[in-house]
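Look at the sequence and the model below.

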Amino acid sequence: MSPIARLKVALNGSRPAGAHPALPCTPDELGAAAQGAVAAGAEAVHLHARGEDTRESLEAQDIGAAVAAVRRTCPATPVGVSTGLWITGKDVTKRQEAVAGWAGLTRYQRPDFASVNVSEPGFTELAATLQELGIAVEAGVWTLDDADALSIAGGVPRVLVEIMRAGDDPEAILRRLDEFGVVGERLLHGEGEHCWDLVALAGRLGLPTRIGLEDTLTGPDGEPVADNAELVRLALSVWSSARSVA
């Protein structure tokens, strides 16, 4: 998996259609949004595939359509997807079967990487299936307990240190990963009110980060943003400014 120097874009997440005027849901919308974000400086693309009803989906036809649409507009950019357990109604078996079904996708339709949250049941089995498919695993680590669990499960190409709630200390999580010798690139990011502080912290630490309409609908000063591309430009400015004074 190609390393990310500064920033990955997260195009849509679990937000419902219409949550933002520029939120991409269809394959064509995802392709266009990715193209704009990559032109603005994003080095990788993360997306949540949707079915025809715009709801999140792990079904092979929906994953394949979304990934292929991004490859058409950004042929040289790595593309990844979510495997969040909520997408299958927290049904571990259904998720496992859906991801195993990606074996029928061509390399053009198949994602380069997929995020798997360590705290969700079935992490080890799903990670193994992805590896068998030639899809790199990004391990989502939200807490110190997740870091401990990942140290037992083994290394992955990339660790996503994701801060979702007040009180979780990203630097403590990073230290714990190092203490246990967990291998893999670190990517640091947050969502909602934590988003911009984590972009700046990533810059200070020299770590890659993430931004997009999945994470926030506003800029660092709470201002409205037009689309994912604008968020990428703003995040690169915040990251670079923090890095320059580190």
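Predicted model: local features only at pLDDT ≥ 70, side-chain atom pairs only at ≥ 80, totals over all residues.

Which residue in β6 does A139 stand opposite? The residue facing A139 is V159 in β6. To get from β5 to β6, the chain passes through helix α5, residues 144-153. This β-α-β crossover is right-handed.

Strand β5 also pairs with strand β4, residues 113-117. Here too the sense is parallel, with five bridges between β4 and β5. The chain goes from β4 to β5 by way of helix α4, residues 123-132, in a right-handed β-α-β crossover.

Now consider β5 itself, which spans residues 136-141. How many of its six residues are buried? The count is six of six, so the strand is mostly covered, where buried means under 20% relative accessible area. In a regular strand, side chains alternate between the two faces of the sheet. On one side of β5 are A136, E138 and G140, and on the other are V137, A139 and V141. Both of these faces are covered, and the residues named on them are all buried.

Finally, return to F113. Which residue lies over the face of its ring? R158 does, at 5.4 Å from the ring centre of F113. As for pairs of aromatic rings, the structure holds zero.

Terms used. Residues numbered from 1 in each chain as written. Heavy atoms only, no water. Buried < 20%, exposed > 50% of the residue type's maximum accessible area, 1.4 Å probe, protein only. Helix = DSSP H or I, 4+ residues; strand = E, 2+ residues; numbered from the N terminus. Pairing = 2+ DSSP bridges. Right-handed = clockwise from strand over helix to strand, strands pointing away. Phe/Tyr/Trp six-rings, centres within 6.5 Å; stacked < 30°, edge-to-face > 60°. Lys NZ or Arg CZ within 6 Å of the ring centre and 35° of its normal.
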